[in-house]
Amino acid sequence: MSHMDNELPLVAWIGIAVLLFAQGTWLFLDARKRGRFPWFWGIWGLTGFPTPLVVYLLVTRVFTKKAK
C-alpha cells in the first residue's frame with residue numbers, strides 16, 4: 001500500500017474548491033443584499049462547510065424573526 005492511497009483524487013479537491021467558492025459567493029451576495037457584513041460572511045464561507053452557512057441562516061433568518 002503506497003502513501004497515494006490515502007490522498008484525495010484531484011476531482012475531489014476541485015469539487016471542494018467549487019463548493020467553498022459557491023458558498024462564499026452566495027453568503028457574500030445575500031449578506032450584501034441584507035446589509036449584514038458581506039465581507040465577513042463571504043470570507044468565512046470560503047473557509048469551511050457547512051458551519052458558516054448554518055450560522056448565517058440562523059443569524060439572518062431564525063434569530064431576526066424572533067427579534068421582530
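**Entry 1**

Helices here (H or I, at least four residues) and strands (E, at least two) are DSSP runs, numbered from the N terminus. I noted the background rule too: an α-helix has 3.6 residues a turn, so residues three or four places apart point the same way.

Before going on, I wrote down what I am looking at: this is a predicted model, where local features need pLDDT of at least 70, side-chain atom pairs count only at pLDDT 80 or more, and totals for chains, interfaces and linings use all residues. Residues are numbered from 1 along each chain as its sequence is written, and side-chain values use heavy atoms, with hydrogens and water left out.

**Entry 1: the whole chain**

I counted elements next and got 3 helices and 0 strands. Read from the N terminus on, the order is α-α-α. Of the 68 residues, 24% count as buried (buried means under 20% relative accessible area, exposed over 50%, partly exposed in between, with a 1.4 Å probe and protein chains only).

I also looked up contacts (heavy atoms within 4.5 Å). Among those with a separation of 6 or more, 51% come from residues 24 or more positions apart. The chain exposes about 5,300 Å², and carbon and sulfur atoms supply 73% of that area (areas come from the Shrake-Rupley method with a 1.4 Å probe; for residues, only the protein chains shown count as cover).

**Entry 2: aromatic pairs**

How many aromatic pairs does a search of the whole structure find? I got 6. For the criteria, rings of Phe, Tyr and Trp (its six-membered ring) pair if their centres lie within 6.5 Å; planes under 30 degrees apart count as stacked, over 60 as edge-to-face and the rest as tilted.

I checked Trp 26 and Tyr 56: their ring centres are 5.9 Å apart and the planes stand at 90 degrees, so this pair is edge-to-face. The pair links distant parts of the chain, with Trp 26 in helix H1 and Tyr 56 in helix H3, 30 residues apart. Trp 26 counts as partly exposed at 37% relative accessibility, whereas Tyr 56 counts as buried at 0%.

Then I went back to Trp 41 and Trp 44, whose ring centres are 5.7 Å apart with planes at 40 degrees, so that pair is tilted. Trp 41 is buried at 7% relative accessible area, while Trp 44 is partly exposed at 26%. Together with Phe 40, Trp 26 and Tyr 56, these two tryptophans form one aromatic cluster.

**Entry 3: along H1**

I checked the length of H1. At 1.5 Å a residue, its 25 residues should span 36 Å, and the end C-alpha atoms are 36 Å apart, which agrees (the expected span is 1.5 Å times one less than the number of residues). Its buried residues are Leu 20, Gln 23, Gly 24, Leu 27, Phe 28, Asp 30 and Ala 31.

I picked Gln 23 from that list. Helix H1 covers residues 10–34 and holds Gln 23, which is buried at 6% relative accessible area. Leaving out residues up to four places away in sequence, Gln 23 touches Gly 45, Gly 48, Phe 49, Pro 50, Pro 52 and Leu 53.

With residues up to four places away not counted, Gly 48 touches Leu 20 and Gln 23. The C-alpha atoms of Gly 48 and Ile 16 are separated by 9.5 Å, although the two are 32 residues apart along the chain.

Pro 50 has its place in this loop as well. Which bond joins Phe 49 and Pro 50? I found a cis peptide bond, with omega about 0 degrees. For background, most residues other than glycine have a negative phi, and most peptide bonds are trans.

**Entry 4: after H1**

Gly 35 follows the helix, and its phi is positive, near 70 degrees. Phe 37 also has a positive phi, about 50 degrees, although it is not a glycine. Phe 37 is found in the loop between H1 and H2.

Is Phe 37 buried or exposed? I have it as exposed, with a relative accessible area of 65%.
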